[in-house]
Amino acid sequence: MQSLLSTLRDAAMSRDAWPKALQRLMDKAGVAGAALIVTNKTTGTVDEAVFCGLSAEFKPRYVDHYAALDPYSPLLDARWTMLSTCLPEALLRRSEWYNEFVLSCGVRDILGTRLSDTAGHSIILGVHQRIGRPFSEDVEPLIATITEPLRYAARCHLDRLNGGQQVADQQTTKPAEGGRFFFHIENGATYADECGSFFLSPVHATERGLTIARELARDGGWSGFSVVVTDELGRTITRVPIES
């Protein structure tokens, strides 16, 4: 997990780190593909795309043709949504995008989210389920842990596209870079962190949350609890299950 978080921190600093970050995400989640897509909301076209795994060689086809036919991406918001649950099978059977692009990549289903959404651009991320393989049971807790670091890296990427100026995210408010974060222990009851600690970014606070969870797991007796990291406004940054 530390390796994945490290690459996400790198992606927050440089666009060149996204392919490695997606590959680490694939490895950790046990999935066969992943794609990060930056859409220009003014032109309606794809400004940037990173495709890894099954769909890598199909990236030019998506950018040049299938992006305009994609019925799934416009439906994504800040939640993680499965393709198979948000579009009816009857529609997918008729979809050129699904039949000639998704299935041709060897992909059966996609779990996706909109990482960031500004007036000018949106960034979506999808992880890909191989045909004949289910998503592993590790995907959900992993996604819960890394969602906020992913969003932070995406917001930084859009700031770079905007010439280094911070842009307002329409679906979430960016926590201040540098601030106090709190580490609560929860399992029905809440053992609240009243004083918190100062970290440079949500990514660094997430790493501390993972360390706390590992320490409690070694201590024993905390299985089933979670470490919940929040910012100064009480917004949840991440939730890390404590697993013995």
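Start by selecting Met1, Leu210, Val240, Pro241 and Glu243: among the 13 residues that line the largest pocket, these lie nearest its centre. Here a pocket is an open set of points on a 1 Å grid over the protein atoms alone, with protein on both sides within 12 Å along at least five of seven lines, and a lining residue has an atom within 4 Å of a point. Before moving on, note that this is a predicted model, where local features need pLDDT of at least 70 and side-chain atom pairs count only at pLDDT 80 or more, while totals for chains, interfaces and linings use all residues. Residues are numbered from 1 along each chain as its sequence is written, and side-chain values use heavy atoms, with hydrogens and water left out.

Now colour helix 7 (139-161), helix 8 (202-219) and strand 10 (236-241), the elements that each give two or more residues to the lining of the largest pocket. (Helices, H or I with at least four residues, and strands, E with at least two, are DSSP runs numbered from the N terminus.) Helix 8 has the largest share, four residues. The volume is about 360 Å³, counted as the space filled by probe spheres set on the grid points, which are joined across faces, edges and corners.

Next stop: Thr39, Gly44, Val46, Tyr62 and Ala67. They are the closest to the centre of the second largest pocket, out of 17 lining residues. This one holds about 260 Å³ of space. Show strand 1 (33-40), strand 2 (45-53), helix 3 (59-64) and strand 5 (121-130), each of which supplies at least two lining residues. Helix 3 gives the most, with three.

Then go for the cavity, a set of points where a 1.4 Å probe fits but cannot get out. Select Ala35, Ile37, Trp97, Ile110 and His128, the closest to its centre among 20 lining residues. Strand 1, helix 6 (96-102), strand 4 (107-117) and strand 5 each give two or more residues to that lining, and strand 5 has the largest share, four.

Last, pick the cysteines. With a disulfide taken as a pair of cysteine sulfur atoms within 2.5 Å, the count is zero. The sulfur of Cys52 is too far for a bond because the closest cysteine sulfur, in Cys105, is 13 Å away. Cys156 is in no disulfide either, with the nearest cysteine sulfur, that of Cys52, 20 Å away.
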